[in-house]
Structures are given as structure tokens and as C-alpha cells.
Amino acid sequence: MSEALYSSWIEISRSAYRKNIEFFKGRLNAGTELAVVIKANAYGHGMVEIAHFADECGIRVFCVHSIDEALTLRKHGFTQRIVVVGPTIKRMAKAAVENDIEVLCCDPEYLHNYDNIAKSLGKTVNIHLKIETGTNRQGIAGQALIAFLEELKKCTNVRLRAVYSHFANIEDTTDHSYARFQIERFKREISYIREAGFSGFDMHFASSAAATIYNNTHFNMVRLGIAQYGLWPSKETYLSYIIEHGHGPEHILAPVLSWKTVIGQVKTIKAGDFVGYGCSHQMTRDSNIAIIPIGYSDGYDRKLSNQGYVLVHGKRAPVIGRIAMNLTTIDVTDIPDVKAEDEVVLIGEQGDQIIRAEQVAALAGTINYEVVARLSDRIPKVVVD
Ligand SMILES: *Cc1c(COP(=O)(O)O)cnc(C)c1O
């Protein structure tokens, strides 16, 4: 058990992280790069801390959403390849080139901007060209792609480092016909790129779900997000794994993150008393309640009001009343001897109980991705083995 240095903290497990990465390394075809996606503060786990874990595991490529995240990693001394998969505004292009950040690019205007900047700095910029295959977010295909390639040929200081795409419907279903359709479109667009005279570029498509289920989606690189943190993309992905492999996973993914806090105050209230804003909960018996110093501003979803539960002394204590900005109330009537500063687990293990991000997500009407990604950056991170 760790010491409560803070009133609320996130523990991240180095050994759990390593196990997950080793599992995926074992699944990749030879020559396929395992890139880790550490956007959104590494899905709430702490971007810099997780980048150190990944570095220790020999990871050579980081994917982030924004140039700001990429620059933060450089500032912390990471020399890995960094790929920005979200848009980079023009006024940040110079910072990207100067810091050898690889960028998404699929617009001729941005392309020429990069080329001009790279020329003026005597550098080459590596771009990742995103192909529209049916997700209809970022990316181009067809005539727009042909036109882009014509412009790319004129750029002396831009290198087509990779061509990539993203699945629309792989986590949410066990029917992967749409994913197969997207792969076919991807391959067709790739053939246009080859016909236009380009070669030597990498290709990447798979995020966690595809990386886990189908080796034929791996190409030269896999962009592993949620699974590195020991969370399955969905139940459907878990089921698809079993369908595809004929057995369950050899390695049960190990959740990397636990979120803990301590009790601020314990008190006794009477049957009939109300709890919290809106008087949304009324006690039916004389009760012991405890106040914990976390709330929706920390990322504890307000939808968990009167729905969630936490662990105290290895037992479940229900959340009662509304979750406030920084405070939440729990009912500890049936848990003996609870006192101020006792440890409370919001996500993770205590005694022989565990609260998974998936359980919190189900109670809040969302997915595990959102539960962890919305944990506030200001919650301190504690590295544990
Ligand atoms: C977030 C993201 C991923 C990672 O997805 P997971 O399902 O978490 O593995 C991969 N690729 C892109 C482009 C992303 O934005």
C-alpha cells in the first residue's frame, strides 16, 4: 500500500505496462514497428511518465494528437520518432520541422508551407499522408489524393514517410466487414500512390482492436493506444479475439492505472436526512457517511451521482447524493471503523475487490476510454512496480 502523499493520486504500474507491451511485441510480424499512442495525457495516465515506461520497453515511435504534446515530449528529452496524428496549424509548422516532428499532411497548401519552412531551415520534414477509407474524419482519397501527389512531387524537402488510415467500425462490433472494406480501399489508394511514382513509405492502419485481433492489418506499424494501458477497446474486441483465435488471450491485459484518494471527514447523520446538492439522496436509516476530496473536476463523472461506488477497507461503499466539483459523499454505514485519511480506491484494487474502468464507464453511460482520458492532468502520478 502506498503512502498518501496527496489527497488524490494516480498510481501507474511499470510492471503491468511492461507485460502489456511484451504481449503486443510478441504478436507483431517481424519488421512491424510498435508505436504507442500517448495523446490525451496518455489516456489520463500521465504522458511523460508513460513515455518513460515506453522508452524503457524500447519503444521507438510515439503518436500524439497535437504539436503541443510533441513539443512537451521533446522538452523532456525524448529522442524517439514522434508522429502528430491531429491537425497542425500553419503557425506551428516551423516548431514541428525544427524539432523533427512527423506530421499529418493531406492538404497541398500545408504541404508547400512545410516545404518552404524545411528549405529555409535546411531540413527535411517527414509527413504521414492520411487516406480517407470510410471513417470520414481526416484524410483524402481519389482525385484529391492524385492532386496532392502532384504537388508533393514538386516539394524537395518533404519526405512521404508513411501512408495511413483509421478504422471506423472495429471496436463496436464483432462483424468486421466494414473494416475489410476499408482495408480494400486503403490498398487501392496505395496502388495509386505507387503508380504516381512514390515508394519507400511505411503504411499503418491498426489501433488496439485491429492490432489485437488481426495480424493482416499491421502493415509496417501499429498504433497501440488503450491496450498498452491494460484496457480492452471493448467487449466486442475481447469476443472477436476468441472467435478469431479459438481461445482467450494468452495474456490477460493488466490495467496500469489505479486512482486513489483518502477520506476527508466521517460523520453520522439521521434517518430522513438529505445529502448534497439538490437533496437527491435521503437516508433511510441512521448512517455513517464519509466525504472524499474528489469530484467532477477531477474527472469523476457527475453521472456517477447516486450510481457509483468506491472501495474502503476492501468493501464497496456507494456514492450518495450529487458529485460536486471537488467533493463526493459515500455511505460507509456497513463498513466498520472508517476514519479520516483511510484510503479510498476509485479505480483499481483494494483487498480482494477491484473496480475496473469498464465498470465505472458502464455506470456513467460511457466507455473506458473516456473514464481514463478525462482524469484531470493535475492529479499527481505515482510510479509503482
Ligand atoms: C487514438 C488513436 C489511436 C489509438 O486507438 P486505440 O483504440 O486507443 O488503440 C490510433 N490511431 C489514431 C489515429 C488515433 O487517433
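What volume does the largest pocket have? In this predicted model, the largest pocket has a volume of about 660 Å³. A pocket here is an open set of points on a 1 Å grid over the protein atoms alone, with protein on both sides within 12 Å along at least five of seven lines. Grid points are joined across faces, edges and corners, and a volume is the space filled by probe spheres set on the points. Local features need pLDDT of at least 70, side-chain atom pairs count only at pLDDT 80 or more, and totals for chains, interfaces and linings use all residues. Residues are numbered from 1 along each chain as its sequence is written, and side-chain values use heavy atoms, with hydrogens and water left out.

The protein chain has 385 residues, and 54% of them are buried (under 20% relative accessible area; exposed is over 50%, partly exposed in between; 1.4 Å probe, protein chains only). The secondary structure comprises twelve helices and 20 strands. These are DSSP runs numbered from the N terminus: helices are H or I with at least four residues, strands E with at least two. The C-alpha trace spans about 80 × 50 × 40 Å along its principal axes.

The domain assignment gives domain 1 (14–251) and domain 2 (257–384). Such bounds come from an automatic or database assignment. The domain centres, taken over C-alpha atoms, are separated by 36 Å. Domain 1 brings 14 residues to the contact and domain 2 brings twelve; contact means heavy atoms within 4.5 Å.

The largest pocket is lined by 25 residues. Lys39, Tyr43, Arg137, His166 and Tyr369 lie nearest its centre; lining residues have an atom within 4 Å of a point. Helix 2 (39–43) and helix 12 (368–373) each supply at least two lining residues. Each domain gives at least three. The lining divides into eleven nonpolar, seven polar and seven charged residues. Ala, Val, Leu, Ile, Met, Phe, Trp, Tyr, Cys and Pro count as nonpolar, Asp, Glu, Lys and Arg as charged, and the others, Gly among them, as polar.

The second largest pocket holds about 540 Å³. Its lining has 21 residues, with Trp232, Ser234, Lys235, Glu358 and Asn368 nearest the centre. By class, the lining has eleven nonpolar, four polar and six charged residues.

One cavity of 30 Å³ or more was found in the whole structure; in a cavity, a 1.4 Å probe fits but cannot get out. The largest cavity has a volume of about 50 Å³. Its lining includes Lys130, Glu132, Arg137, His166 and Gln182. By class, this lining has one nonpolar, eight polar and three charged residues.

The largest nonpolar core has 124 residues. A core is a set of buried Ala, Val, Leu, Ile, Met, Phe, Trp, Tyr and Cys residues joined through side-chain atoms within 4.5 Å. Ile38, Phe62, Leu129 and Ile193 have the most contacts inside this core. Helix 3 (residues 47–56) gives the largest share, six residues. Domain 1 and domain 2 both give residues to this core, so it lies between them. Leaving aside neighbours within four places in sequence, Leu129 contacts residues including Cys105, Ile140, Phe148, Tyr164 and Ile193. A second, separate core of six residues includes Met283, Ile289, Ile291 and Ile320.
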